[in-house]
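Me: I'm new to this one and would like a close look at a single part. Please pick a strand and take me through it slowly, along with whatever surrounds it.

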Amino acid sequence: MAERVFLCDDDDGYRMLLREVLSAEGMHIVGEGGDGAACVEAVVESDPDVVLLDLNMPGMNGFEALPLVRAGLPEAKLIVLSTSPADRQSVSAAHMLGADGYVSKPYDIFAVPALLRRALAS
């Protein structure tokens, strides 16, 4: 069965690239959002296995959206994406708010499918 993924990132081009890479690896993109509020509203209805959530978004940011998504999807894996270097404070805060993983951009986008599969296996 294909992994069900929800993408939440305000960068349309980046979401498109993630969609292409993950789809090519057999993953099913069940929804997308361009800001935290749109994510929180749509993600629970789409019932994904894993959510990729950007921290730096307009309106409701990822730190604000994370506990709301976690509350609505207690079984899903939540992977945070950040344009900021991974500092201990941000990583710790993301984990305290319910994240299962934290990845700093830029990173090898072609490594994301393996990252998601590892998260789902744990």
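Reply: Two strands count as paired when DSSP finds at least two bridges between them. The strands themselves (E, at least two residues) and the helices (H or I, at least four) are DSSP runs, numbered from the N terminus. Keep in mind that this is a predicted model, where local features need pLDDT of at least 70 and side-chain atom pairs count only at pLDDT 80 or more, while totals for chains, interfaces and linings use all residues. Residues are numbered from 1 along each chain as its sequence is written, and side-chain values use heavy atoms, with hydrogens and water left out.

Let's go with E1, which covers 4-8. Four of its five residues are buried, which leaves E1 mostly covered. (Buried is under 20% relative accessible area, exposed is over 50%, and partly exposed sits in between, with a 1.4 Å probe and protein chains only.)

Now for its partners. E1 runs parallel to E2 (residues 28-33), and five bridges join the two. If you look for phenylalanine 6, you'll find glycine 31 of E2 standing opposite. E1 also pairs with E3, again in the parallel sense, over four bridges. There, cysteine 8 has leucine 53 of E3 as its bridge partner.

How does the chain get from E1 to E2? By way of helix H1 (residues 12-24): E1, H1 and E2 make a right-handed β-α-β unit. Right-handed here means that, with the strands pointing away from you, the path from the first strand over the helix to the second runs clockwise.

A nonpolar core is a set of buried Ala, Val, Leu, Ile, Met, Phe, Trp, Tyr and Cys residues joined through side-chain atoms within 4.5 Å. The largest one here has 18 residues, and Val51, Leu53, Leu66 and Val80 touch the most other members. E1 supplies at least two residues of this core, and so does each of H2 (36-46), E3 (50-54), H3 (62-72) and E4 (77-82). H3 gives the largest share, three residues. Leaving aside neighbours within four places in sequence, valine 51 is in contact with Phe6, Val43, Val69, Leu73, Lys77, Leu78 and Ile79, where contact means heavy atoms within 4.5 Å. There's a second, separate core too, with 17 residues, including Val5, Leu7, Tyr14 and Leu22.

In H5 (residues 112-121), Val112, Pro113, Leu116 and Ala119 are buried. They sit on the same side of H5 because they cover an arc of only 125° around the axis, taken from the directions between the helix axis and the C-beta atoms. What do the buried residues of H5 pack against? E1, H1, E3 and E4. The face of H5 turned away from that buried side carries Arg118 and Ala121, which are exposed.

Last come the charged pairs. A salt bridge is a side-chain nitrogen of Lys or Arg within 4 Å of a carboxyl oxygen of Asp or Glu, and by this rule there are six. In one of them, arginine 117 meets glutamate 3, with the closest N and O atoms 2.8 Å apart. Arginine 117 is in H5 and glutamate 3 is in the segment before E1, so this pair ties together parts 114 residues apart in sequence. Arginine 117 is partly exposed, because its relative accessibility is 31%, whereas glutamate 3, at 16%, counts as buried.

Arginine 15 and aspartate 12 form a salt bridge at 3.0 Å, N to O. These two are three residues apart in H1, which means about one helical turn separates them. Arginine 15 counts as buried, at 11% relative accessibility, while aspartate 12 is exposed at 54%. Arginine 15 also forms a salt bridge with glutamate 32, at 3.1 Å from N to O. That pair links distant parts of the chain, since glutamate 32 is in E2 and arginine 15 in H1, 17 residues apart. Glutamate 32 is partly exposed, at 29% relative accessibility.
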